[in-house]
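Student: I have a structure open and would like to go through it with you. Can we take it one chain at a time?
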Amino acid sequence: MARGVEPVLDLVDLNVHFESRDGKVNAVCHANLTIGKGQVLGLIGETGCGKSVLGQSVLRLLPASARMSGRILFQGTDILALPQSEVRKIRGQLIAFICQNPAEALNPVLRNGTQIMESVKINRKLPRRERRDACLDLLRSLRFTDPEFCMRSYPLQLSGGMKQRVLAAMGMSGRPSLLIADEPTKGLDALVRGHVIATLERFMEATSSSALVITHDLRFASRICDSIAVMYAGEIVERGPFDEVFGHPRHPYLQALIDSQPDRGLHVLKGSTCSLIDLPPHCRFYDRCPKAVQGCREAHPETVFVNSDHEVRCLRIA
Amino acid sequence: MRTNRNRLIAVSVVFLALLVPVVFSSCIFPHGNDLDMNDVLRAPSSRHWFGTDNLGRDLLERSFNGLRLSLGLALSIQVICICLGAVVGSVAGYYGGVVDRVYVLVQNVVMSFPSLIASLCLIAMLGTGIRTLVLALVVVEWVTYARLIRSEVITLKESDYIQGCRAIGASNARILSRHILPNVVGPVIPIFTLMIGHTVLAISGLGFLGFGVQPPTAEIGLMINDGVTYLTRAFWMVFCPAAVLVLYAVVMNVFGDELREWFNPQRENVVL
Amino acid sequence: MLEVTNLTKTYRAGLARRKYRTVVRDVSFAVMARETLGIVGESGCGKTTLAKMILKLLKSDSGRIIVDGQDITGLRGVELQRCRKNIQIMFQNPESSLNPRMKIHDCIAEVLRVNHIASPRSVEERRLISGLADMVGLQPEHLNRYSWELSGGQVQRVVLARVLALRPKVLIVDEPTSMLDVSVQAQVLTIIRQMQQEFNFALVYIAHDLDVIRLMCDRVMIMYQGTIVERGTREDIFERASHPYTRSLLGEFYLFDPGTSTGCCEERRSEPGDWPSYGGCPYSAACRKVLGRCSEKQELRQISPGHHVACCNAESPFPSSVAGPLPVG
């Protein structure tokens, strides 16, 4: 895994918690992540593990009740320390965000062309005549065979995969250096997965950006990610290059996740994610861990390096 | 949920406390209609907290008497409207087809008449009096609920759990009464509280025109209208009854909001 | 157990009802007890409409439905209500599958009460409910909660408990795990299989995820824009697919699986959008091997026992290391 001189995104000890009526929700705890230039990092985890919060926190898109600490270094600058006006400049232009449900992310009463042109207008200072050509170029680079039709039509005339590509086009308009894709395959057919992958690959090719892909779809991740980080109950429990981590999973959670896939035997991992409010002081995976020992109940595991870039958070390995 | 419940309880207590003088006003404030020509147009004082009107009647007592009448009438009218609207709206929405088309036709006709004029015509035809007043206002206002409930039913009809109910063999009547209507309650409640205020105004408007409640019965709308002539000399004749009306309308709306929150079983979810 | 013949559904729109769209066209299949049939297709191909028609939640324009030997096509009203318990469905979206105002206990009780299985609020009813909950792996405290307080996987189990209360002969599941995480998917699928072993119902599994289909289904049917384009056993489809559409699906599927042959990978010409359906093969607009003959209606032809394809240009049932299409006569 070749690293760039300066990583595009570097999360240093990021903590995010929310004050809610029922207590303090610890969505992200002590997260450390690095994404180099041109790299794709997959963030894997179940619903409720905090991965979407992490993705949104990079762009400070969280609601006002969120409290963040730590550092989010984007090309060297700490986003958490910037004022709102600066963050707004980064959003869309330098960091593109593709959110979960493409069907709901597009305005159904506006034509696609209008929406793409709006994002081009905001992110590039082009005269009106050139804007339309810029939009058509964007669409062509995402392999739309009939970009004119796409511009003229409304979102409901497009399939899920096509809507995803329109969103990608809107994201690309600012020539970003980082793409954050939040569950890009959720709600889409498995058959469209290939198209989503192609879209992301072309996006990155056209903008030479890096990507943070948040997903729980292991097959999708295996196709596109260079490195992965696995999250459980707000913590990153395993991290490293994809082939290394998937080939030799060390954390019992990742092992169970891989084994629960249909083609690996559908081995059931019992129980469900622990609540992010009453977090136990010991290992958060203890209750469901098939390999837990007595020692796992007594202390909270810290990350340990298994080899040069593969780290795991497990007491048994330490 | 807990703080939700505490708020609801707090608001309900205030509301009920305020309701007591209204409901029991015939016992607590029996002198609303007592004339006293010596005490005409007196400003608010320790004896008459709200002052007196042009016929020497104590405004405080009259306000509460009037409120009792208005609120009572408005409440009964709205309750009848909800029942009628719920039945018609849910049947039209659920079964669709011819029934629905007929209903929509009726709805459009009723709604195209300005409500005040329509109620005036009805009262003119049927004669004045409390019963015809109630009838006229019900006829004009039931469509508001029917329309709302019909659209909610049409949306809910297609949801998975209703399809599931049909799949397990539940009859249409059961689905409507046990599964659809309870889920429709939510949006109806704030409309209900708003409409009560609206109906009180309608009653007073009709009263002013001589078609509704007849004087000397105490009624807030009538009182305000009487007081307008004396506005420069005795502003309290308008101000006090109006203040009472506004206070009750606000408390009712807040109560309605809390009730709707309580009925709505979804909590806010933190996005994770 | 379930036999469906020539089911069709057309939606009409426009001023004189002249514009129409055939969402399901001439679909026929049969499933035996204890057997699992998979129906695969993209979103919009009509699989959910098909499921709802079989359950008589939607009116079909033509065709017959026979459940456990009884023709339910023409049934209405009370007779239909009595037959409904033989065929049940599980939906895709756990969030909207249960009444949000009813506690789980009442949701399951509703099924028992509607079908008069036990008297309301009796000890018998409570016993049945806790038995059902136990069977699908729910804890007693879940019974006292609302559906929005449970996770997606738990809700699907509740739905399963409700459905099993009626001991159906046929269960149709419409993408039950597409909204769930991988680990939860394993739990739900395992329970469905266990229940099928125990109750012997026929299972129709509608999905777009070939992974799961390969695991769960004995026979598979591929749908494209409302018609069946290929049908056969699991091996027929996964190893000897013949229709160009099936092959393109498998191509994408196998791309994820390092180590398997990518020989049957076939690129489509374009994205399926809202192509108007005309008389011929619905896939011809996107197919790479389109010929003049493709503008005629394609019928399902048998190319080997139990394996049917609706394509005039079907590849011979060998993995395509053979260059070019072989003429299929």
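Student: What percentage of the residues in chain B are buried?
Tutor: Keep in mind that this is a predicted model. In chain B, 40% of the 272 residues are buried.

Student: Which elements does chain B have, and how many?
Tutor: There are ten helices and zero strands in chain B. Read from the N terminus, the order is α-α-α-α-α-α-α-α-α-α.

Student: What box do the C-alpha atoms of chain B fill?
Tutor: Along the principal axes, the box is roughly 75 × 50 × 30 Å.

Student: And what about contacts in chain B between residues at least 6 apart in sequence?
Tutor: Of those contacts, 67% join residues at least 24 apart.

Student: Now the helices. At what angle do H3 and H9 of chain B pack?
Tutor: Two packed helices are described by the angle between their axes and the distance between the axes. For helix H3 (residues 59-95) of chain B and helix H9 (residues 220-228) of chain B, the angle is about 130° and the axes are 8 Å apart. H3(B) and H9(B) are therefore oblique to each other.

Student: Which residues meet there?
Tutor: On the H3(B) side they are B:Arg62, B:Ser63, B:Gly66, B:Leu67 and B:Ser70, and they meet B:Ile220, B:Gly221 and B:Met223 of H9(B). Sorted by class, this contact of H3(B) with H9(B) has three nonpolar, four polar and one charged residues.

Student: On to chain C. In what order do the eight strands of its open sheet come?
Tutor: The order is E6-E7-E8-E3-E9-E10-E12-E11 in chain C, and the pairing is mixed. Strand E6 (87-90) and strand E11 (301-304) of chain C stand at the edges with a single partner strand each, so one side of each has no neighbour in the sheet. Ignoring direction, neighbouring strands of this sheet are turned by 20° against each other on average.

Student: Do E3 and E8 of chain C run parallel or antiparallel?
Tutor: Strand E3 (residues 36-40) and strand E8 (residues 202-207) of chain C run parallel, joined by five bridges. C:Ile39 stands opposite C:Ile206 in E8(C).

Student: Which strands does H1 of chain C touch?
Tutor: Helix H1 (residues 47-54) of chain C packs on the sheet and touches E3, E6, strand E7 (170-174), E8 and strand E9 (219-224) of chain C. The direction of H1 makes about 155° with that of E7(C).

Student: Where does H5 of chain C lie?
Tutor: Helix H5 (residues 152-164) of chain C lies across E6 and E7 of chain C, and runs at about 175° to E6(C).

Terms used:
Residues numbered from 1 in each chain as written. Chains lettered and ligands numbered in written order. Predicted model: local features only at pLDDT ≥ 70, side-chain atom pairs only at ≥ 80, totals over all residues. Axes fitted to C-alpha atoms, helices over the stretch in contact; angles between N-to-C directions. Helix = DSSP H or I, 4+ residues; strand = E, 2+ residues; numbered from the N terminus. Parallel < 35°, antiparallel > 145°, perpendicular 65-115°, else oblique. Contact = placed C-beta atoms within 7 Å. Nonpolar A, V, L, I, M, F, W, Y, C, P; charged D, E, K, R; others polar. Buried ≥ 20, exposed ≤ 12 C-beta atoms within 10 Å, placed from the backbone. Pairing = 2+ DSSP bridges.
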